[in-house]
Amino acid sequence: MLTKKSRIKDVYANPIGRDIINRMLLQMNINRKAVTNPIVGNLKIMVLPKLLKNQLDEGFVDTLLTLLNTEDETVRSTDEIIPREWWKEAVFYQIYPRSFKDSNGDGIGDLQGIISKLDYIKELGIDAIWLSPIYDSPNDDNGYDIRDYHKIMSDFGTMEDFDKLLTEIHNRGMRLIMDLVVNHTSDEHKWYQQAIHEPDSKYGDYYIFKPQPNNWTSFFSGSAWNYVEERNQYALHLFSKKQMDLNWENEALRHEIHDMVKWWLEKGVDGFRLDVINYISKRKGLPDGNKSIGKLMGYYGVEHYFYGPSLHDYLHELKEKVFMPYNAFSVGETPGAGMEMSKLLTADYRKELDMVFSFDHLETPGHTRYDDYQYDLNYLKSCMVNWMENYGNHCQPSLFYENHDNPRMISKINANQKYRYVLGKLLAVIQLTLRGTPFIYQGQELGMINQCFKTISEIRDVESLNLYDELCNTMKEEEAFSKILTGSRDHARTPMQWSGEQYAGFSTVKPWIMMDEDYKSCNAKLQLQDENSILRFFQKLIALRKEYKVIYYGNVIVSNKKVKDLFTYYRKDENEALYIEINLSTTNKKRTKHPKGRLLLSNYTEDILSSKDRLSFLRPYEANIWAIYP
Ligand code: NOJ
């Protein structure tokens, strides 16, 4: 049991303690050494707020202790052989259905549209598709607000279309995972309607109601509570006002969810991506959030539900009762969970989730998504090295930079068009040659970048719109708009750029969301005709990944760890060895070693060995993969 008198090093030795302190340091842009050096390690935990530049108050220590004392397990470390699984070898492709392909000319992507592009996906080398929500929804948050789990959203088609899609995916030897959104439902879901109209029925306790709100804030601005006149109570919504949090403490509710999931598994889907799944268990009594944590993180209350007391139990139950009998795959979206928590959620012998998406690598220290800054690739290197070296053989890392919630990665790193494709290919090399399961987001394979939204009327995303309204209270409209523009999720939601035709071959009519002119020069049709395009590069890289199986389970040995702007590593097993060398900067970078072996793939198309200089330098953002002798 840790107390206020415990030493900082003991707290840091606790898995949860380490994750939380690391998260705080990241947010404050303070180096880890500030707490890991031995002198500091021997200090009592009480001094932590002071050490962290007084940005945290005393209450922080209490909150930290509550969290720490609920978990003292660590994941076994092991050198055992990594058990083989299809999802450890697969390359996933995420489809955001609204923006992928419109087949019926209404400006909205749909299931038939996806079916028409399955050959494209297969040719890319994809093994499994993750489909963002396609269930019936009033679309307050583009389908992440589900009204009926057993119906298809009419914009997207019918259940027959879905069955056909699943068959066609399986016919091509690919798999399908669905998005499972069960932290909340739409306020139009019949359970919620019954909960407010018949509070005494079994549904009355399916959601989280309280006589008075606490200070928790919503991720989409404002209080996390709606006043519900019918019950004269407040109902919790961590996301939009129409996304009501379910009460997982209620066993009957959990069983309904289990049955619903089984229903989809009976149809033959291969697994799920579980939306904000680490938020499902809330601390009893729903206490107020600590103010200093709230201020620092931008949201009040997170510490009471991002790693809640029953989370492991709920996940374990779901795995044993529902996923295991169907051999279904699960990847959890777990914002805020650091590496140690991720281990506890995914270690194979613990039987909870197969994998998680952790997000700490998406912004550099001290930054959030809405900050306008240039992402330093050295930070990506440090994150990757850490995960490769410390995640262990019981857990499988996920490898991704983009999804429907984040601006495009190329734009974050360097908006200079001159580097666009070389950089996109560099990112692909890292993503597809490290150990882990890659998730490619639609359009990433084309090197799609952020779009030029010109006015707030072009923005569709509820998160951005709410934030804009909030910001307008304290700043000018232009300033608020420019802030929105930096982090808006809409950058990733503009239509897939299929061709240079009007509306990018996505639709025959004006799409539901704007698109600028980028598609004229950046589109799948053109890139398929160009051997050196980024799309072709992705195809080659995925094929290479399948050929050199060392990438799946082989060791990752990083060299030049301390050399800035240089990311080099070996992938090795007893049969094969690869050497990957990457220049993370826009200037020539001196090689520390010239690889002996065969160059398999490079993001520069000219022959790397043609000039003498090339032997000693890597060009800006150059990334090469070599086969060397094992
Ligand atoms: C995470 C999803 O990825 C995001 O798009 C959504 O808005 C929230 N969860 C709420 O469901």
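## Salt bridges and a helix contact

Glutamate 73 is partly exposed, with a relative accessible area of 41%. Under the classes applied here, a residue is buried under 20% relative accessible area, exposed over 50% and partly exposed in between, using a 1.4 Å probe and protein chains only. The model is predicted, so that local features need pLDDT of at least 70 and side-chain atom pairs count only at pLDDT 80 or more, while totals for chains, interfaces and linings use all residues. Residues are numbered from 1 along each chain as its sequence is written, and side-chain values use heavy atoms, with hydrogens and water left out.

The whole structure contains 43 salt bridges, each defined as a side-chain nitrogen of Lys or Arg within 4 Å of a carboxyl oxygen of Asp or Glu. Among them are the following pairs.

| arginine 350 | glutamate 73 | 3.0 Å |

Arginine 350 and glutamate 73 form a salt bridge between distant parts of the chain, 277 residues apart: arginine 350 is in the loop between α15 (339-346) and β13 (355-357), and glutamate 73 in the loop between α6 and α7 (86-89). Helices (H or I, at least four residues) and strands (E, at least two) are DSSP runs, numbered from the N terminus. Arginine 350 is buried, at 11% relative accessibility.

Because arginine 172 lies in the loop between α10 (159-171) and β5 (175-180) and aspartate 119 in helix α9 (residues 118-124), the pair ties together parts 53 residues apart in sequence. Aspartate 119 is partly exposed, at 41% relative accessible area.

Lysine 412 is buried at 11% relative accessibility, and glutamate 363 is buried at 13%.

Helix α2 (residues 15-28) and helix α6 (residues 58-68) have axes that come within 9 Å and cross at roughly 145°; axes are lines fitted to C-alpha atoms over the stretch in contact, and angles run from 0 to 180 degrees between N-to-C directions. Ile16, Gly17, Ile20 and Met24 of α2 make the contact with Phe60, Leu64, Leu67 and Leu68 of α6, where contact means heavy atoms within 4.5 Å.
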